[in-house]
Amino acid sequence: TSTQASSLKNIIITGGAGYIGSHTVLSLILTRKYRVASIDNFHNAYPASLDRVQEIARQNLPENPTDDDILSTQVQSFKADLTKEDQVRSVVSSFGHGGLWGVIHIAAYKAVGESNEIPLAYYENNVSATLLLAKVMEEYGCHRLVYSSSATVYGIPPIVPIPEITKLDAMSPYGRSKVMSETILSDLCRSKPDTWKVISLRYFNPAGAHPSGLIGEEPRGRPGNLLPLLAHMAVGRIKEATLKVFGNDYPTPDGACVRDYLHICDLADGHLLALEALEDGSTVFDHPDGVGIGPKEGEGKYRAFNLGKGQGLSVFNIVDAMRKATGFDFQTVIVGRRAGDVPDLTADPTLARKILGFEAKHDLESMCRDLWNWQTKNPEGYTTTQ
Ligand code: WQD
């Protein structure tokens, strides 16, 4: 097949059709070093997002593209359920033994509140899928994994900005499913220090969209997250002008929760650095202060890194920025706290900068501008209703 003639590295991205997934697929394609396949069950994503990604990729082809350049713009999109062994095996086996270079595992359920209502679904979809994926990867000789973790693993952190050595103390089944998956992968690496290499990326709050306005955050149903909710209000998709602020009695500068927002394109590019860390010549796992997870930190080629800017912003800061970006005069009303919210999740970005070379460059204004550009160009999101 054409992949055998190619020098591109085959990568599977689970959740590749989602908000973070589609931007990550695009980042990999634009390096023209990878051939990307996506596994997605489209529970919270649209197949159309990958059509748009390929459209942007084609627009960015060089003058005289090589066969590999053209191949790299073609995303193989597999619709599959990661909790079903036969479906996972049929996708991974299609690359042959040793044909799959690595996997970026992003697919997960991710709503803190919902995870308290349906914990078993969260543990099945987030934990057993990770277990199954690692098992099938092992069978087909693939031992490189980038895992999508989250700041939510820190629970209520004792120190803010939060360093990676912070004890993991998640406060919801969703957060605990992330801690469990990190622990499983860390134990796997410790058991096979000469074969497995895993980088966990603890995402803070991604925001914005690719500047083309062709891809963006498009959750199914009413957005739970702040930024897409404000964008839906401003574009008239949600007929409300008043944001309910979930509490202003937190120990923060203006009483509202503080979060570390980073541009989705910076977050996506962070995955390129993680893949480079999995290359054979990488020294990432030699750093003594690289942070593992278990009692014997650093054993096994497992490392976890924060992906954030290191700048905390409150709900009111975000509302002000979105007023400027959209021209929409949001009102706010203070209501009760939301279960599971913690006062401040701001990253200490030092380790990711020092060891991965990660730097989230885009500022809040560009996040809001790119989000608004996506939303106004796609007032009803992705047009297909699949
Ligand atoms: C941000 C702030 C709310 C809506 C979420 C997921 C988490 C992770 C990151 C995956 C909070 C406040 C919100 C509203 C509000 N995703 N807010 N009124 O909670 O930091 O984390 O994204 O890993 O799993 O839960 O983001 O956008 O939901 O909230 O006041 O109508 O906005 O209280 O302080 P959060 P968010």
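Reader: Where is the place of Arg 32?
Author: This is a predicted model. In it, Arg 32 sits in the loop between helix 2 (19-31) and strand 2 (34-40).

Reader: What is the phi of Arg 32?
Author: Arg 32 has a positive phi of about 55 degrees, although this residue is not a glycine.

Reader: On to the ligand. How many residues surround it, and which are the closest?
Author: The ligand is surrounded by 19 residues, and the closest are Tyr 174, Leu 226, Arg 259, Arg 338 and Asp 341.

Reader: How do the residues of that shell divide: nonpolar, polar, charged?
Author: The shell around the ligand has 10 nonpolar residues, four polar and five charged.

Reader: Which polar side-chain atom lies 2.6 Å from a ligand oxygen?
Author: That one belongs to Asp 341. Arg 338 also places a polar side-chain atom 2.7 Å from an oxygen atom of the ligand, and for Asn 225 the distance from a polar side-chain atom to a ligand oxygen is 3.0 Å.

Reader: How much of the ligand's accessible area does the protein cover?
Author: The protein covers 90% of the 680 Å² of accessible area that the ligand has on its own. Helix 9 and strand 8 (242-246) are the elements that give two or more residues to the shell.

Reader: Which element gives the largest share?
Author: Strand 8, with four residues.

Reader: Back to helix 9, then. At roughly what angle do the axes of helix 9 and helix 11 cross?
Author: Helix 9 (residues 226-235) and helix 11 (residues 315-326) cross at roughly 35 degrees, and their axes come within 11 Å.

Reader: Left-handed or right-handed?
Author: The crossing of helix 9 and helix 11 is right-handed.

Reader: And which residues meet there?
Author: From helix 9, Leu 226, Leu 227, Leu 230, Ala 231 and Ala 234 meet Val 315, Ile 318, Val 319, Met 322 and Thr 326 of helix 11. Nine residues of this contact are nonpolar, one is polar and none is charged. Leu 226 is also among the closest residues to the ligand.

Definitions and conventions:
Residues are numbered from 1 along each chain as its sequence is written. This is a predicted model: local features need pLDDT of at least 70, side-chain atom pairs count only at pLDDT 80 or more; totals for chains, interfaces and linings use all residues. Side-chain values use heavy atoms; hydrogens and water are left out. Axes are lines fitted to C-alpha atoms, for helices over the stretch in contact, and angles run from 0 to 180 degrees between N-to-C directions. A crossing is left-handed if the near helix is turned anticlockwise from the far one by less than a right angle, and right-handed if clockwise. Contact means heavy atoms within 4.5 Å. Ala, Val, Leu, Ile, Met, Phe, Trp, Tyr, Cys and Pro count as nonpolar, Asp, Glu, Lys and Arg as charged, and the others, Gly among them, as polar. A residue is near a molecule or strand if one of its heavy atoms lies within 4 Å of it. A polar contact is a pair of N or O atoms within 3.5 Å; within protein, one must be able to donate a hydrogen and the other to accept it, and residues adjacent in sequence count only if both atoms are side-chain atoms. Accessible areas come from the Shrake-Rupley method with a 1.4 Å probe; for residues, only the protein chains shown count as cover.
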